[in-house]
Amino acid sequence: MRLRLNRLISPPDWARVYGEIAKEARKALETALQLDATALDGSAYASLGTLYYKVPGWPFGFGDDGKARQLLEKALAINPDGIDPNYFYADYWYEQGDYQQAAKYANKALQAAPRPQRPLADAERRKEIAALLQKIERKK
């Protein structure tokens, strides 16, 4: 399947395709926030914030580190001790080059209480946190 896609979409078009996917994700998350901003402990804020700092800024995309930070902080206001908002905020700080803040929030994410309904997700997230902490240590 991938080979077929490579033939259909030339390399310069990949950026356009990924940009369209990111825009669709942004729209879906904004709609979710309009319906219930606190659903799943504010996960839509964390996801949308992550999208804003992962997507490049203008002229290539809509990325915006300031907006990302605001959205991630809203997720933390709703769920200050949650594994996901703390992990994504840690990753945000890592991407910003503030490894002290990144370590602070990564360690806070590790302290999060397990979610009984999401043991597999928590286990995988803890692996991601451990990997992020290793990256942070290499930067210090």
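Guide: What follows is a short chat about a predicted model.

Visitor: How many helices and how many strands does the protein chain have?

Guide: The protein chain has seven helices and zero strands. Along the sequence, the pattern reads α-α-α-α-α-α-α.

Visitor: And what share of the residues is buried?

Guide: Of the 140 residues in the protein chain, 35% are buried. The chain exposes about 9,100 Å², with 55% of that supplied by carbon and sulfur atoms.

Visitor: What about contacts between residues at least 6 apart in sequence: what share joins residues at least 24 apart?

Guide: That share is 48% in the protein chain.

Visitor: How far does helix 5 reach, from its first C-alpha to its last?

Guide: Helix 5 reaches 20 Å, close to the 20 Å expected for its 14 residues at 1.5 Å a residue. Just after helix 5 comes G97, with a positive phi of about 90°.

Visitor: Which residues other than glycine have a positive phi?

Guide: L40 is one of them, with phi near 50°. D41 is another, with phi near 55°.

Visitor: Where is L40?

Guide: L40 is in the loop between helix 2 (11–35) and helix 3 (43–54). D41 also has its place in the loop between helix 2 and helix 3.

Visitor: Why does L40 count as exposed?

Guide: L40 counts as exposed because its relative accessible area is 72%, and exposed means over 50%. D41 has 48% relative accessibility, so D41 counts as partly exposed.

Visitor: New topic. How many aromatic pairs are there?

Guide: The structure holds eight aromatic pairs. One of them is Y52 with F62, an edge-to-face pair at 5.3 Å centre to centre and 75° between the planes. This pair links distant parts of the chain, with Y52 in helix 3 and F62 in the loop between helix 3 and helix 4 (65–78), ten residues apart.

Visitor: Are Y52 and F62 buried or exposed?

Guide: Both Y52 and F62 are buried.

Visitor: And Y89 with Y105, why is that pair edge-to-face?

Guide: The planes of Y89 and Y105 are at 75°, so the pair is edge-to-face, as an angle over 60 degrees counts as edge-to-face. The ring centres of Y89 and Y105 are 4.7 Å apart.

Visitor: Which parts does that pair tie together?

Guide: Y89 lies in helix 5 (residues 83–96) and Y105 in helix 6 (residues 99–110), so the pair ties together parts that are 16 residues apart in sequence. Y89 counts as buried because its relative accessibility is 3%. Y105 also counts as buried, at 14% relative accessibility.

Visitor: Which residues do ring pairs link into a cluster?

Guide: Y53, Y89, Y92, W93 and Y105 are linked into a cluster by ring pairs.

Visitor: Last one. What sits over the ring of F62?

Guide: The charged end of R26 does, 4.1 Å from the centre of the F62 ring.

Terms used:
Residues numbered from 1 in each chain as written. Predicted model: local features only at pLDDT ≥ 70, side-chain atom pairs only at ≥ 80, totals over all residues. Heavy atoms only, no water. Helix = DSSP H or I, 4+ residues; strand = E, 2+ residues; numbered from the N terminus. Buried < 20%, exposed > 50% of the residue type's maximum accessible area, 1.4 Å probe, protein only. Phe/Tyr/Trp six-rings, centres within 6.5 Å; stacked < 30°, edge-to-face > 60°. Lys NZ or Arg CZ within 6 Å of the ring centre and 35° of its normal. Contact = heavy atoms within 4.5 Å. Areas by Shrake-Rupley, 256 points an atom, 1.4 Å probe, with all protein chains shown as cover. Expected span 1.5 Å × (residues − 1).
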